[in-house]
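Work through the following exercises with the sequence and the coordinates at hand. Each task is followed by a stepwise solution.

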Amino acid sequence: MSLLQIKNLVVEFPGRRGTLRALDDISFDIAPGEILGVVGESGAGKSLTGAAIIGLLEPPGRVAGGQILLEGERIDNLPHARMRHIRGRKIGAIFQDPLTSLNPLYTIGRQLVETIQAHLPVTVQEARMRAIELLNDTGIPAAAQRIDHYPHQFSGGMRQRVVIALALAAEPKLIVADEPTTALDVSIQAQIITLLKNICKQRGAAVMLITHDMGVIAETCDRVAVMYAGRIAEIGPVHQVINHPSHPYTAGLMAAIPDITAERERLYQIDGAMPRLNAIPQGCAFNPRCPKAFDRCRQDRPELMQAGVTRAACWLHDANAGVVA
Amino acid sequence: MSAVFKTTEVQSTKGTGAPLVQAHDLAKTFDVSPPWLNRVLERKPRLLLKAVDGVSFEIEKGKTLALVGESGCGKSTVARLLVGLYEPTRGGLNFDGQDAHAVFKTPAGRQLRSRIQMIFQDPYASLNPRWTIENIIAEPLREHGILEGAAALRERVGDLLKSVGLSPLDMPKYPHQFSGGQRQRISIARALATEPEFLVCDEPTSALDVSVQAQVLNIMKDLQRTRGLTYLFISHNLAVVRHVSDQVGVMYLGRLVELADKHILFDRPRHPYTRMLLDAIPKMHDTGRARTPVSGEVPNPLNPPGGCTFHPRCPHANERCRSERPQFLQIQGVRVACHAVEEGRI
């Protein structure tokens with residue numbers, strides 16, 4: 001059974017000039033222990049999906065439809081108090097900027113102990129032992145001394161390790177990691193990604209890894225979902241999506257990335273930009289930028305359909321129409 | 001006006017081989033000491049941060065030199081030194097045969113500054129939100145007295161917008177009406193307004209999404225081809241660097257550790273730090289590959305390690321690396337500062 005199920009999720013932002021639909025009918029699953037990558041450009045809705053799952057949508061944003069199920073139980077309509085219990089205990093979160101995720105006025109030990117005690121029935125002493133163990137596991141040298149340091153005494157990479165330790169403190173089943181390495185240098189990014197991958201595998205935690213970096217996705221994830229304008233454009237096994245993309249947007253995105261191993265005179269470019277939420281085109285949201293768009297794309301909105309091993313929201317893969325890309 | 005356009009034609013003839021830009025032993029030290037009173041009362045010492053410590057390179061006309069390195073390695077400081085925003089503590093910059101930092105102080109400095117322009121990283125912070133696009137792009141033209149008269153200015157701004165793939169109809173708009181990629185193109189149009197020969201680009205695409213990054217990089221390459229521009233391109237993204245550059249310089253803690261032709265550097269990196277950087281990049285078509293990340297972090301630049309500054313992270317370090325600073329030497333066609341490479345150990 002899936003650990004997390006998202007069914008037809010809709011997130012809206014009511015405003016004075018009408019309601020903006022930021023996530024429009026999104027469905028996907030995460031299996032226990034699986035690493036699912038979510039990629040897309042800024043504004044595609046990937047962070048919002050993460051925020052909706054951990055119940056931290058910024059008001060006035062709200063879940064306007066659909067369901068989020070964790071271990072078969074609905075969590076999108078829980079009262080705040082219940083949700084607080086799930087957050088941290090069952091779902092851990094890692095955010096982009098490790099400095100703002102930590103309280104600068106408390107030692108990291110105090111923050112870890114507080115988190116552990118909030119979720120597990122242990123004494124302060126036990127919680128502290130556990131905290132040191134966690135810091136050790138996340139690769140912080142001299143954890144027994146470092147536990148009494150303040151966040152500003154750590155470097156960026158070390159802080160992100162502390163944040164990972166915090167997220168893992170109560171042994172959650174799912175970790176939502178929103179751009180965990182974007183603020184870090186490449187050499188540190190490699191360390192953090194390897195750590196995240198290994199530590200989650202050891203503990204059997206599933207990860208939803210939100211990033212805009214295809215390289216990180218390629219080497220970390222089992223499956224990947226590509227988002228565009230508040231919808232999933234394509235979802236499938238990572239190898240398949242990256243090497244044989246089915247959706248024209250995924251194909252364009254992959255071709256636009258400069259490749260370190262090969263040289264090209266010009267990069268492929270997708271002309272135009274992602275539409276604003278108040279001006280999403282009729283039919284497929286990608287049709288004005290799509291090189292393969294035909295009449296149907298401009299009228300009807302495609303849902304995810306089977307395209308080989310992956311599923312893509314693109315009429316090119318409509319089995320009933322007999323058009324095969 | 002005609003004079004300006006004439007120089008453009010001269011520029012577009014490709015390089016004669018003599019470097020347009022020559023930095024020799026460029027260094028910048030910042031004084032980050034505590035205030036005087038604290039130093040006296042608490043006996044705290046003076047603190048000097050060597051942001052850039054003796055960097056030398058040349059860029060030929062019409063070519064691109066890319067500088068890469070992790071945050072805090074001094075690449076942005078080099079950029080600011082080159083455009084004259086900082087005064088070097090030591091060494092200098094030779095631009096087209098003149099000592100640039102000496103000329104900047106004379107009345108002729110204005111003219112020289114108009115030949116060197118800069119593109120910044122953040123297209124949200126580098127455009128005045130209360131100015132129209134027309135004003136933003138016309139400012140350098142007015143400031144340097146290149147064009148006068150509203151009609152002539154408008155025409156020129158229109159041409160500049162077209163050259164970066166925007167429309168002259170965008171002139172009355174404000175920056176907030178544009179996306180990140182469009183804003184970065186406006187920055188490029190502004191930088192091109194004075195018909196510069198040399199553009200210093202400090203992480204011009206780091207704030208952009210990949211599809212938009214491709215648009216901006218393509219425009220920059222096209223402009224280089226048509227106008228014979230010379231670029232210093234600063235980035236931490238090695239894949240982007242491989243795409244745009246002719247030569248690549250790798251910086252670590254304020255120094256160049258390796259400087260080589262792009263093909264040589266990517267095919268056969270010499271310095272252990274360069275190898276580590278190349279290894280650290282996630283490879284796209286190699287899904288699920290486990291990599292062995294290099295341990296350690298960039299040390300505190302206020303208190304850099306002795307000898308080779310990379311030795312605490314280097315797998316090939318020996319006694320000599322810990323005590324003696326390696327020279328930046330020409331070894332088999334590349335310039336590299338490493339004892340191990342010099343001795344032929346790696």
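**Exercise 1.** Count the helices and strands of chain B, and decide whether its radius of gyration agrees with that of a compact globule.

Solution. In this predicted model, chain B has 14 helices and twelve strands. Next, take the chain length: for 346 residues, a compact globule would have a radius of gyration near 20 Å, and the 22 Å of chain B agrees with this. Along the principal axes, the C-alpha atoms of chain B occupy a box of roughly 70 × 60 × 40 Å. Burial comes next: 45% of the 346 residues count as buried. Finally, among contacts in chain B with a separation of 6 or more, 66% join residues 24 or more positions apart.

**Exercise 2.** Determine the strand order of the open four-stranded sheet in chain B, and find what packs on the sheet.

Solution. The order is β2-β1-β4-β5 (chain B), and the pairing is antiparallel. At the edges lie β2 (48–60) and β5 (98–99) of chain B, each pairing on one side only. Helix α3 (residues 75–82) of chain B packs on the sheet and touches β1, β2 and β4 of chain B. The direction of α3 makes about 65° with that of β2(B). Within the sheet, β1 (residues 19–31) and β4 (residues 90–95) of chain B are joined by five bridges. Val21(B) has Phe95(B) in β4(B) as its bridge partner.

**Exercise 3.** Describe the side of chain A that touches chain B.

Solution. Start with the contacts: 36 residues of chain A meet 33 residues of chain B. Then list the elements of chain A that give two or more residues: α7 (186–203), α8 (214–220), α9 (238–243) and α10 (248–256). The most come from α7(A), with six residues. By class, this side of chain A has 17 nonpolar, 13 polar and six charged residues.

Technical notes
Residues are numbered from 1 along each chain as its sequence is written. Chains are lettered from A and ligands numbered from 1 in the order in which they are written. This is a predicted model: local features need pLDDT of at least 70, side-chain atom pairs count only at pLDDT 80 or more; totals for chains, interfaces and linings use all residues. Two strands pair if DSSP finds at least two bridges between them. Two residues are in contact if their C-beta atoms, placed from the backbone, lie within 7 Å. Axes are lines fitted to C-alpha atoms, for helices over the stretch in contact, and angles run from 0 to 180 degrees between N-to-C directions. Ala, Val, Leu, Ile, Met, Phe, Trp, Tyr, Cys and Pro count as nonpolar, Asp, Glu, Lys and Arg as charged, and the others, Gly among them, as polar. The radius of gyration is taken over C-alpha atoms; the globule rule is 2.2 Å times the number of residues to the power 0.38. A residue is buried if 20 or more other C-beta atoms lie within 10 Å of its own, exposed if 12 or fewer, and partly exposed in between; C-beta atoms are placed from the backbone.
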